[in-house]
Amino acid sequence: IVVHVIASVKHALKATEAGCDAVVAEGFEAGGHNGIDEITTLALVPQVVDAVSVPVIAAGGIADGRGMAAAIALGAEGVQMGTRFAVTVESSSHENYKRAVVRAMDSDTVLTLKKIAPVRLVKTAFALKALEAERRGATKEELEQLLGRNREKMGIFEGNMDEGEFEAGQSSGLVHEILPAGEVVRATMQEYYAVRKRMP
């Protein structure tokens with residue numbers, strides 16, 4: 001079974017034409033690399049649902065049962081929660097990364113390096129340096145030189161707060177503690193069913 005992450009209707013259609021069994025419609029609230037069109041999850045998911053006949057999984061900005069309920073209401077069959085599961089006991093991400101996401105508030109991530117490949121990062125020293133270079137009008141080549149190699153490994157897995165990339169989504173502001181993955185699943189489902197009960 002092949003599931004492909006897409007960030008636009010165009011790419012969803014291309015993925016299904018190529019034979020993908022499902023697509024993950026990921027809005028630009030998501031952590032890590034994002035689509036260049038900056039389409040939000042709320043706008044993207046229903047358009048993709050309308051355009052393809054395969055199951056659609058929603059991603060980007062979803063970290064709890066409320067987000068899951070919203071995604072299902074938009075027509076998704078399920079959700080992908082990257083940032084929430086990156087900050088679990090079982091995750092291989094570094095403790096510095098996990099603590100940075102837990103500390104993050106609603107505006108503590110930034111979308112940067114748009115001339116290379118847009119990426120959403122926690123506002124660490126490197127993220128702010130990249131953002132400043134972009135604001136200065138740095139060329140694609142200058143940004144590639146600034147990025148170098150393996151910054152995501154340096155950040156997420158090695159915990160380097162100064163030089164690494166801490167890729168995380170806007171849902172960071174919803175992640176308040178490092179929990180076992182099973183507890184995240186249980187809490188998400190409990191909240192999802194509670195939301196459904198509240199809705200007429």
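**Close-up views of a predicted model**

**View A: N150 in its loop.** At 46% relative accessibility, N150 is partly exposed (buried means under 20% relative accessible area, exposed over 50%, partly exposed in between, with a 1.4 Å probe and protein chains only). Look for N150 in the loop that links helix α7 (140–147) to helix α8 (151–157). Helices (H or I, at least four residues) and strands (E, at least two) are DSSP runs, numbered from the N terminus. N150 is not a glycine, yet its phi is positive, near 60°. Most residues other than glycine have a negative phi.

The model is predicted, with local features needing pLDDT of at least 70, side-chain atom pairs pLDDT 80 or more, and totals for chains, interfaces and linings using all residues. Residues count from 1 along each chain as its sequence is written, and side-chain values use heavy atoms, without hydrogens and water.

**View B: The β6–β7 hairpin.** Strands β6 and β7 form a hairpin, and six residues lie between them. The two strands pair in the antiparallel sense, over four bridges (strands pair if DSSP finds at least two bridges between them). Start at T109: it stands opposite V122 in β7. Now follow the side chains of β6. T109 and L111 point one way, V110 and T112 point the other way, and all of them are buried.

View C: L113 sits in the loop between β6 (109–112) and β7 (119–122).

**View D: The open sheet.** Four strands make an open sheet with parallel pairing, in the order β1-β2-β4-β5. Strands β1 (3–6) and β5 (78–80) are at the edges. Each has a single partner strand, so one side of each has no neighbour in the sheet. On average, neighbouring strands of this sheet are turned by 30° against each other, direction ignored.

**View E: β2 beside β4.** How many bridges join β2 to β4? Four bridges join β2 (residues 22–26) to β4 (residues 56–59), and the two strands run parallel.

**View F: Helix α2 on the strands.** Helix α2 (residues 41–51) lies across β1, β2 and β4. Helix α2 runs at about 155° to β2.

**View G: Y192 and Y193.** The whole structure holds two aromatic pairs (rings of Phe, Tyr and Trp, its six-membered ring, pair if their centres lie within 6.5 Å; planes under 30 degrees apart are stacked, over 60 edge-to-face, the rest tilted). The ring centres of Y192 and Y193 are 5.1 Å apart and their planes meet at 65°, so this pair is edge-to-face. Y192 is buried, with a relative accessible area of 8%. Y193 is partly exposed, at 48% relative accessibility.

**View H: The whole chain.** The protein chain has nine helices and seven strands. Its C-alpha atoms fill a box of roughly 50 × 40 × 30 Å along the principal axes. Of the 200 residues in the protein chain, 44% are buried.

Notes
Axes are lines fitted to C-alpha atoms, for helices over the stretch in contact, and angles run from 0 to 180 degrees between N-to-C directions. Contact means heavy atoms within 4.5 Å.
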